[in-house]
Structures are given as structure tokens and as C-alpha cells.
Amino acid sequence: MSKFWSPAIQSLVPYTPGEQPRVANLTKLNTNENPYPPAPGVSAVLRAFDYDRLRLYPDPDATPLKAALAAHFGLTRSQVFIGNGSDEVLALAFMAFFRQNKPLLMPETTYSFYDVYANLYGIEHRKVPLDDEFQICLDDYSTDNGGIIFANPNAPTGIALGIDDIEKLLKRNQNSLVLVDEAYVDFGAASAATLVEQYPNLLVVQTFSKSRSLAGLRIGYALGHADLIDGLERVKNSFNSYPMDMLAIEAGCAALADESYFRATCDQVMATRDHSAQELAELGFICLPSSTNFLFVRHRYLEAAELMGYLRTHNILVRHFSRPDIANYLRITVGTDDQMALLISTLEKHPDIQRLPVS
Ligand SMILES: *Cc1c(COP(=O)(O)O)cnc(C)c1O
């Protein structure tokens, strides 16, 4: 606290990202990073990059990447917005769309950054509880609202809604913007990107951080009606004209170009996930059905916080949220088969865990 702080920031409660400790031999399953390297074409771009070009400002519009994303999704460039990670895209979207006279609706259990942005901008919001099975129940979003935001698949539950449900929601809320955050969609859910052409009230946000193994480069984007994209551009150009650096623009294009590498690594993560879920079930864990690159699990009788501490002493990091609704759950990022085998064998050595085959 300082007397120089603007009054409004004194009450901010910032988002807490997962730890990035600099410790050797750590098995890092706490921030949903991809265990595989980015596409080989990314390495080629970075190696060939002429550093002298860094004297110049980058393309403020990230044109090559925007064009590549538009082609990838069968849209025009005017339907694509690019930002410095999807967190930035989300922040600009909150500013552009959700400062309304009616409350923004969001699930009570979801990506905790939404709440942070709403508070940052002083946006009135209402948190809608999930049902008993941790599912988003769209019938609960029928109240008058100034916008709706949720992650699909949801975080940290990992549970996905079907595209039909999303379409129903869009039809019911034609006077409010529905923002679907698809950070994990490539690991087994259906994307609402196919509905962009049809629904001017839909904004789909995706990222290169998870499924394209580029969390370190910070590339996020939004797909939506040209008028929505225009709104985002207005806010962006009132804030930072050059959010995408040259390396991100070029490496992003290379990552997007390699569809077969993308598919192969996503498929591998999903196969490892499903195998790990089976193993965890045999060790007494209850795993929510995941359409993501993480598993959200609780143990039948051991406490999540205790288990997290136990794993940590064995140099394995997983994420635990102390919020009361999910305090007994751990979020475990899907790593390589070797990393997951280490996790399982470490859990098996816990004095209170026994393996019991489940069918
Ligand atoms: C990881 C994540 C993001 C942020 O991704 P970046 O593009 O790295 O900023 C956004 N939403 C959800 C739900 C996420 O899990």
C-alpha cells in the first residue's frame, strides 16, 4: 500500500497464477502447460530470425497471423482479433462489452480471472452455481443480463458443454454478448467457432498457450462478428497498438501451419489423460470427466491440500485452489506418459493409498 496508489487499486485482488519455480528435477503439473515442444516449424522461424529487424516496430495488426487464423477458421480477417495471450484478449473484451447497466453472468466455479477483470473495471456481476455434478446448467442463465462468460470446457472442472447447448444459449440471449473461452477446446470439445458466422452475439476466445505449446510467446485471439472485432480493436488501439511482437507473429504462423503435429500432440495428451484417469481411479481418486489437458480429481478419503503437500515434497507440483467449493480437489496437468507414471508411482508410495482395481 502506498499513498500514491489510485484509490480504486487499493481494493483490487489480483489473479494468482500457478507457481513457476526455478528448481531442477521438478515435475510441473500445475499450470496446464503442454509437455511437448511447439511445432518444429517454430524452431526454424526462431533460428532464421534476423535480430536486426527488432529495431523496427512490429505490424500493429499482426496481419500474417490474422490472415492465417482467418483462413484456418474459414472467416475473414475482420472477424479475427489477436492479443498478447488470451488473458489480454479477455481483459479487452471485458472493457469493450461488459460494462453495461445489467449484471454480467458467469459460473461460480470457473476461471478466476473473470472475477478479477470484473472487479478491475467495476462491472456488476452475478455468479451462477454449477449443478451437483459440477456442470454448467444453461437454464440458470435465462435472467436479464449484460453479458455471459464461461470457459468451455470449463476450468478447473474440465467438463465441456455441447455445441447444441451453446447454440440454445445464443438464441435465448440475442441482446447480450456471450463470450466462450475455449482455452482447452482442442483436447476433445466442440468449438463454437463454427457458430460465429450465424450469431452476431458470440465471441469465441482461444489461445496458443495450451494446445500449441506456446505459453511463453503469449498469443491469444478472438473470433466473432466484424462489429465485435471492431469494438475490440478500438479498445486495443486506445491501450497498446503493438501487443504482438515480431517473433510471436511469425512463430504463431509456423505453429498454426503444422496441422498434423498439432493433431498428433493433442491426441497424445488425450490418450495419456484417459490412461491416467483410469490409474488414478484405481488409487481411490474420483476424476471428473475431462475434455482438457488436465484432470480435476479428489481422493475418496484423503485431503487435497495434504496430497498436494505430499507431492510437493517429492518434487511434483499440482494445483490446489482453496476456494471452499473446490477445496477438496486437485487440478493435475496431463504431462508425458513418463511424468504421469512418476505421479502415479509417487502416489502409490503414500502410506494411506492402496491400489484397488476398478472395472
Ligand atoms: C490458460 C487459460 C487462459 C489464458 O491463456 P493465455 O492465452 O496464456 O493468456 C484463459 N482462459 C482459461 C480458461 C485458461 O485456462
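Predicted model: local features only at pLDDT ≥ 70, side-chain atom pairs only at ≥ 80, totals over all residues.
**Exercise 1. Find which residues surround the ligand, and sort them by class.**

Solution. Start by listing the neighbours: Gly85, Ser86, Asp87, Tyr111, Asp181, Ala183, Tyr184, Thr207, Ser209, Lys210 and Arg218 surround the ligand. Next, sort this shell by class, which gives three nonpolar, four polar and four charged residues.

**Exercise 2. Work out which polar atoms of Ser86, Lys210 and Arg218 lie by ligand oxygen atoms, and how much of the ligand the protein buries.**

Solution. Take the backbone first: a polar backbone atom of Ser86 is 2.6 Å from an oxygen atom of the ligand. Then turn to side chains. Arg218 places a polar side-chain atom 2.7 Å from a ligand oxygen, and for Lys210 the corresponding distance is 2.9 Å. Finally, look at the area: the ligand taken alone exposes 390 Å², and 93% of that is buried by the protein.

**Exercise 3. Describe how helices α8 and α10 pack: are they roughly parallel or roughly antiparallel?**

Solution. Two packed helices are described by the angle between their axes and the distance between the axes. Here α8 spans residues 259–282 and α10 spans residues 337–348; their angle is about 10° and their axes are 10 Å apart. Angles under 35 degrees count as roughly parallel, so α8 and α10 are roughly parallel to each other.

Now look at the contact itself. From α8 come Gln268, Thr272, Ser276, Glu279 and Leu280, which meet Asp337, Met340, Leu343, Ile344 and Leu347 of α10. Sorted by class, this contact has five nonpolar, three polar and two charged residues.

Terms used. Residues numbered from 1 in each chain as written. Heavy atoms only, no water. Near = heavy atom within 4 Å. Polar contact = N/O pair within 3.5 Å; in protein donor to acceptor, adjacent residues only side chain to side chain. Areas by Shrake-Rupley, 256 points an atom, 1.4 Å probe, with all protein chains shown as cover. Nonpolar A, V, L, I, M, F, W, Y, C, P; charged D, E, K, R; others polar. Axes fitted to C-alpha atoms, helices over the stretch in contact; angles between N-to-C directions. Helix = DSSP H or I, 4+ residues; strand = E, 2+ residues; numbered from the N terminus. Parallel < 35°, antiparallel > 145°, perpendicular 65-115°, else oblique. Contact = heavy atoms within 4.5 Å.
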